[in-house]
Amino acid sequence: MSTARGEFSSRFGFLMAATGSAVGLGNIWGFPTNAASNGGAAFLFTYLILAFVLAYPALMAELIIGRHAKANAVTALSGLASTPGTARIGAGVGFAGMVTVTLILSFYAIVSGWMLAFMTASIADIARLETASNWLTQSGTVRDALFTLIFYVLTIYIVVAGVRNGIEKWSSRLMPSLYLILIALIIYVLTLDGAMDGLRMYLVPDFSRVADPELILSAMGQAFFSLSLGVGTMLIYGSYVSKKENLPAIGGMVTLMDISVAVLAGLLILPAMTVAQLNGIEIYDAQGGLIAGPALIISVLPALFDQMGDAGILVAVAFFTLMSIASLTSSISMLEVPVSYFVEDRGVSRRKAGVLLGAATATVSLIIVWNFGLLFDWVVRLTTEFSQPLLGFFFAVFAGWVWNRNALLAEIKQGHAEAESGLFWRIWPWYIKFVCPLIILAVYIQMIF
Ligand code: TRP
């Protein structure tokens with residue numbers, strides 16, 4: 001079956017696909033608002049540290065295991081084991097990742113549907129189609145269901161087209177536009193009155209918060225979510241990387257690009273909020289906290305765009321296009337996790353696996369849409385705060401303890417013959433064995449209490 005496996009055609013293709021997965025709503029929405037509600041640059045500081053000392057090593061574990069096994073997480077993790085018992089645990093972790101990522105996609109697709117609806121609304125504004133635009137921006141279960149389904153159709157379409165002709169091709173087209181739109185929006189927003197207050201809110205640290213357990217937990221969750229860790233997404237992307245590539249280096253590039261988009265997004269969202277405030281739009285909620293949830297993206301920012309007249313329409317198109325691109329290149333990496341399993345291990349065709357699994361996940365999304373108040377937050381917290389760090393822990397344990405050390409070192413050497421003299425070689429194997437599991441465990445235990 002290995003001859004039929006997909007592989008990224010180039011380093012650029014992998015980088016676009018992997019950063020496409022990593023860069024998403026988590027960066028552009030999650031990171032800036034988390035920062036604003038957690039002491040500004042104090043959060044930025046903690047996040048940067050965690051991204052390098054925890055998320056990057058954890059990302060490397062997934063990429064290295066994936067490329068070694070050239071298989072999905074279920075097969076890859078059980079293949080590392082030397083006893084039937086650990087093999088079963090490995091398969092169990094792979095399955096749990098598959099279920100988790102499916103649930104993540106089920107809520108992610110709803111939010112992404114909003115982004116598509118608002119993008120469509122801003123295009124309707126250009127055409128002066130006021131009724132359509134009003135319907136599109138008014139929350140309602142029918143609109144949500146419709147745009148969630150449209151988002152699934154796009155996601156399924158790309159995944160069914162395959163690793164090279166779908167995921168890589170579309171990520172390589174969309175990601176460069178994402179960077180351009182982001183930079184253009186930042187430059188524009190920073191010229192507006194009131195932007196500097198947002199910059200201050202973001203960049204002036206409240207260091208009394210650095211040791212706050214709540215802040216550390218949020219920063220870790222943010223780092224895991226942002227690098228798409230713990231569920232086998234990066235493992236499967238790693239499995240599509242050629243043996244000729246230097247993995248520690250390209251993993252480092254993905255981490256750097258992911259972090260830089262998050263940091264840049266802070267330069268857009270927070271200044272935009274204080275510009276909105278100066279224009280009389282409420283940016284604090286009843287408890288005095290900054291509005292950070294869905295209301296930020298679907299009411300505060302649209303209200304600001306509305307006040308900006310014709311320029312605002314263009315800014316809105318650009319902004320919601322940015323968000324839609326970010327969502328789509330992430331969602332395809334989520335659907336790819338179960339699809340690759342069913343294609344490789346169950347002999348299902350890619351088309352059938354993509355359509356059926358996409359439809360099943362869409363059904364879960366629709367259940368959430370119709371029971372939004374009851375289910376949405378619960379699913380978000382269960383998957384991102386509970387499952388992801390726990391599964392990340394198991395990935396680290398499999399790389400550090402279960403996998404034969406010589407085989408692991410041999411895999412690092414592939415595509416990087418001089419690895420033995422490098423820092424990564426000396427530190428990482430030890431690090432993933434002891435430090436990563438302990439950090440995750442520590443934060444995790446603290447979360448329970
Ligand atoms: N990292 C993406 C973001 O920041 C979301 C994402 C893509 C993801 N694939 C994932 C999150 C797998 C968790 C698991 O928005």
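Is Glu-245 buried or exposed, and what is its relative accessible area?

1. Glu-245 is buried in this predicted model. Its relative accessible area is 16%, and buried means under 20%.

2. Glu-245 pairs with Arg-11 in a salt bridge whose closest N and O atoms are 3.0 Å apart. Arg-11 is partly exposed, with a relative accessible area of 33%.

3. A salt bridge also joins Glu-7 to Lys-70, with 3.5 Å between the closest N and O atoms. Here too the pair links distant parts of the chain, the two residues being 63 residues apart. Glu-7 belongs to the segment before α1 (11–22), while Lys-70 sits in the loop between α3 (41–69) and α4 (73–80).

4. On accessibility, Glu-7 has a relative accessible area of 29% and is therefore partly exposed. Lys-70 has a value of 22% and is likewise partly exposed, because the buried class covers values under 20%.

5. Asp-144 and Arg-143 form a salt bridge through their side chains, at 2.9 Å from N to O. Both Asp-144 and Arg-143 are buried.

6. Arg-67, Lys-243 and Glu-411 are connected through a network of salt bridges.

7. The count of salt bridges comes to twelve. Among them are Glu-7 with Lys-70, Glu-245 with Arg-11, and Asp-144 with Arg-143.

Technical notes: Residues numbered from 1 in each chain as written. Predicted model: local features only at pLDDT ≥ 70, side-chain atom pairs only at ≥ 80, totals over all residues. Heavy atoms only, no water. Salt bridge = Lys/Arg side-chain N within 4 Å of Asp/Glu carboxyl O. Helix = DSSP H or I, 4+ residues; strand = E, 2+ residues; numbered from the N terminus. Buried < 20%, exposed > 50% of the residue type's maximum accessible area, 1.4 Å probe, protein only.
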